[in-house]
Amino acid sequence: MSDRYQAIVIGAGHNGLSCAAYLARAGKRVLVLEAASRVGGAAVTREFAPGFSISACAHLLHQMPRTIVNELGLASHGLKFAAERMATILLSENGDNVRLPAQAGGVLSASDVASYSAFMVRMRRFAAHLRPMLDATPPRLGSGAWEDSAALLRLAWCIRSLGRTDMRELLRIFGMNVYDLAAEHFEAPALRAAIAFDALLGTNAGPRTPGTVLTLLYRLATEHGAAPAGMSQPVGGLGAVSDALATVARAAGAEIRTGVRVARVHIRNDRAAGVLLEDGTIIEGGHIISNADPRTSFFGLLGTEYLDTGFVRRVDHFRQSGQAAKVHLALSSPPMFRNLHPDGLRERLLIAPSLDYLENAYNASKYGEYSDAPAIEIVVPSASDSALAPPGLHVVSAIVQYAPYAHKAGWHTVRGAFLERVIDTIEAYAPGLRQSILHSELLTPADIETEFGISGGQWHHGDLAFDQFFMVRPVPGAAQYETPVANFFLCGAGAHPGGGVMAVAGRNAALQVLKKAA
Amino acid sequence: MSDGLHPPPHYNRPLLATPFQARARARSQVDQFVAWAGYTTVDVYTTVEQEYFAIRNACSVYDLTPMVKYRITGLDAERYLNRLVTRDVSRLKPGRVAYAVWCNDDGHLIDDGTLFRLGASEFMLCTAERQLDWLLDSAIGFDVDVAEITTTIAALSLQGPTSCAVLKAAGLSGVENLRPFCIGRFSLDGKEITVSRTGFTGDLGYELWMAPGNAEAVWDSLMVAGRTRGIRPIGSQALDMARIEAGFIMPNIDFVSAEATVRIGRARSPWELGLDWLVDLTKGHFNGRRALLAERKRGVARRLVGLDIEGNKPAEKALLYADKRCKREIGAVSSALWSPTCKRNLALAMLDTPHFATGSEVFAEIYLCRELEWERRVARAVVVSKPFFAPERRKVTPAWDR
């Protein structure tokens with residue numbers, strides 16, 4: 001057997017690692033090259049202050065499919081959970097917190113509780129029917145190939161098999177905005193906002209943006225069949241997911257090198273034939289698979305000289321500017337949210353009091369400003385996993401929307417003020433928070449770009465939107481994990497089915513590589 | 001409406017005037033103008049025949065200013081152009097000109113043009129259609145600057161057997177030593193002009209590039225120098241006759257720009273247009289290369305060829321058939337004329353495979369309107385090689401200068 005690598009994966013994010021694991025288990029000789037000093041990409045745990053560790057980008061696991069967890073045996077390779085089936089709690093400034101899933105006897109009216117239950121049953125049914133689309137290579141339009149026609153027929157059948165009533169409802173709401181959908185179904189402003197929040201997290205959209213019902217369905221579809229079910233927090237943070245994937249890949253024979261930066265894909269005879277490292281070394285490989293975002297993959301690693309102008313134009317138009325910031329706090333005492341039992345710190349907490357609050361928060365970002373009253377998803381990982389902070393102390397991780405990638409005044413001039421706004425906003429729900437802060441860290445999308453190497457700092461590697469989904473993600477000509485350059489593949493979140501720690505793009509890409517190599 | 005003090009609003013005068021406009025209007029006898037790329041230009045000055053024979057027997061002057069011109073500079077200019085066009089730009093030396101075409105991702109022709117290499121990293125690209133968005137999007141990832149400079153350069157084309165003699169008489173000593181597709185810099189009555197031995201007629205000829213401020217003076221000097229050598233300004237119609245004889249294709253006549261086609265299957269590849277000699281598959285990647293390789297592997301479905309048609313009635317827009325009874329349609333004529341120089345009835349036509357092979361016999365369905373009575377003729381035609389007219393004088397150096 002030749003020494004040559006049959007596959008080289010650029011980037012050891014969760015998708016790169018899952019891709020490597022599947023290829024290695026299929027008997028391929030695989031090399032993974034990661035520029036950072038540790039594996040994980042945006043699913044990583046790191047210290048942000050002495051003794052305080054945090055999931056530096058993604059902070060909850062809720063989209064990892066059971067199939068991948070089981071196929072790779074992640075549980076037996078070190079993946080354990082500190083919190084499972086986490087509830088969502090909509091925080092209220094006056095303490096009228098709403099807990100979801102909704103139960104009778106709480107703040108919500110009986111009719112809202114009933115509507116919520118019926119609504120979620122129906123939405124989850126839609127999600128279950130759409131789910132199979134996520135786990136396969138999307139079809140190409142107009143190719144004339146049998147497999148593409150079959151995939152399109154399967155999609156049509158998935159929708160048709162909902163039955164007449166539900167199919168009509170799905171087609172009715174598909175292009176709607178989540179503001180109207182939530183207002184149709186619920187009375188309580190907080191409940192409406194909670195539904196909308198899930199549609200908006202990680203997108204460049206407000207509740208009134210068309211297509212936000214689609215992003216909600218997408219999120220629910222990615223959560224369908226996840227293991228463990230619901231929101232969960234791995235022991236050791238999200239980095240533990242990456243570590244488990246890396247362990248599986250290594251056990252299957254993949255070689256993983258960290259601290260090695262790939263400068264360019266090496267092209268020979270119009271085919272990807274290896275990688276050129278920053279130190280000038282060329283490593284030859286049969287298939288070169290990029291875990292990087294589309295812009296970095298095509299413009300940075302490959303180079304536009306190997307691509308046609310029309311394709312380059314499409315990649316250039318692919319929208320991948322982040323709108324979400326991360327805030328990490330080290331606290332001397334647990335945060336005291338109004339009317340929240342200490343066990344509540346083990347759940348997922350949202351600051352999103354109403355649809356209009358969300359829409360106003362989004363408005364700012366359209367004009368290059370951060371939200372004065374941001375929407376925030378808060379977790380207190382140390383409440384479930386005490387090893388993340390020194391004894392008795394706590395860490396808080398918050399995703400804050402909206403914070404545009406390019407602030408019109410430049411982030412260096414406003415980042416201090418923005419962090420203060422975020423702390424003030426949380427303080428309004430958790431009095432006394434400010435006094436307990438020992439350390440704080442703000443990652444704007446620009447910081448996320450720098451730290452994780454994601455051009456635009458969008459953790460999905462590209463907006464989730466109608467024109468960037470499924471068979472056109474990231475762009476036509478590269479939406480089946482293959483690219484215009486033979487042997488150069490994509491396996492990151494910029495490819496179908498997108499981001500969120502689920503490792504599906506990596507798995508799908510590996511299967512596509514194996515199919516091509518067969 | 002104009003009050004005499006203020007110019008009329010621009011939307012009432014949508015066409016620009018070239019710097020030669022006043023001279024052209026003075027010479028125009030039939031007031032026949034056409035719009036070309038946003039300019040008013042002369043279609044016919046006197047009669048088409050008179051102007052055509054100036055090209056082939058004396059010296060014609062054609063106002064080339066509306067030709068769209070781009071200046072391409074920067075460290076990556078050569079690399080950028082090599083990715084843009086289908087031929088190998090690295091083999092184009094400074095001071096030389098090359099005919100080039102460029103394709104979209106599907107390997108379909110967007111446009112053709114002439115590429116002037118003015119220095120190691122300085123080029124001028126002359127095109128029929130405006131291309132700025134394609135050129136700018138092609139620049140993503142390259143250290144290159146693309147600017148449209150159409151209005152900053154006035155251009156005249158001198159074509160015909162006495163064109164070199166006219167230039168020498170005007171004081172351009174040594175111009176006879178300029179080889180085909182070479183660029184030289186000369187002085188004409190103290191005015192600096194750039195001369196390239198290029199043209200669209202397949203004849204001996206030159207293109208003159210100058211500052212717009214010098215345009216009228218250069219025109220006047222040429223007319224004086226050419227008085228005894230049959231110099232004559234010509235319009236677009238006469239030029240179109242000469243270019244068909246030379247076998248040159250015209251965008252939107254012989255092919256439609258791939259970025260402008262609406263219907264599927266209407267765009268054309270270099271293979272289909274018979275431009276194989278312009279495509280270098282060995283130079284590395286360029287726009288459309290992968291699609292062109294795939295098309296060649298599949299087999300080219302149709303091809304633009306030359307036709308020699310019996311009779312003397314031009315087969316304009318004629319449909320072509322495999323059989324005399326006109327049952328099996330196999331193509332169509334895109335350009336046609338009775339060639340006064342070749343004394344042949346010629347056409348450029350797109351023919352389906354396998355009928356495009358040289359020597360194939362096809363039939364053209366020609367409709368003639370004779371004093372409002374229509375006659376239909378089916379004329380036998382043979383696929384012949386191009387160009388139809390290629391005199392030695394077009395490439396002899398030193399050029400004819402008497």
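Q: Are H6(A) and H7(A) roughly parallel or roughly antiparallel to each other?
A: This is a predicted model, where local features need pLDDT of at least 70 and side-chain atom pairs 80 or more, while totals for chains, interfaces and linings use all residues. Residues are numbered from 1 along each chain as written, with chains lettered from A and ligands numbered from 1 in written order. Helices H6 (residues 178–185) and H7 (residues 189–200) of chain A (DSSP runs of H or I, at least four residues) pack with axes 9 Å apart, at about 150°. Angles over 145 degrees count that way, so H6(A) and H7(A) are roughly antiparallel.

Q: How many charged residues does the contact of H6(A) with H7(A) have?
A: H6(A) brings Val178(A), Tyr179(A), Ala182(A) and Ala183(A), and H7(A) brings Arg192(A), Ile195(A), Ala196(A) and Ala199(A) (contact means backbone-placed C-beta atoms within 7 Å). Sorted by class, that's seven nonpolar, no polar and, for charged, one.

Q: Which strands of chain B stand at the edges of the sheet?
A: The sheet is open, with mixed pairing and the order S1-S3-S2 (strands are E runs of at least two residues, paired if DSSP finds at least two bridges). Each edge strand has a single partner, so one side lacks a neighbour; these are S1 (16–17) and S2 (32–36).

Q: What is the bridge partner of Ala17(B) in S3(B)?
A: S1(B) runs parallel to S3 (residues 39–44) of chain B, and two bridges join them. In S3(B), Ala17(B) pairs up with Thr40(B).

Q: Which helix gives the largest share of the side of chain A that touches chain B?
A: The contact takes 14 residues from chain A and 13 from chain B. On the chain A side, six residues come from the top contributor, helix H11 (residues 309–317) of chain A.

Definitions and conventions: Contact = placed C-beta atoms within 7 Å. Axes fitted to C-alpha atoms, helices over the stretch in contact; angles between N-to-C directions. Parallel < 35°, antiparallel > 145°, perpendicular 65-115°, else oblique. Nonpolar A, V, L, I, M, F, W, Y, C, P; charged D, E, K, R; others polar.
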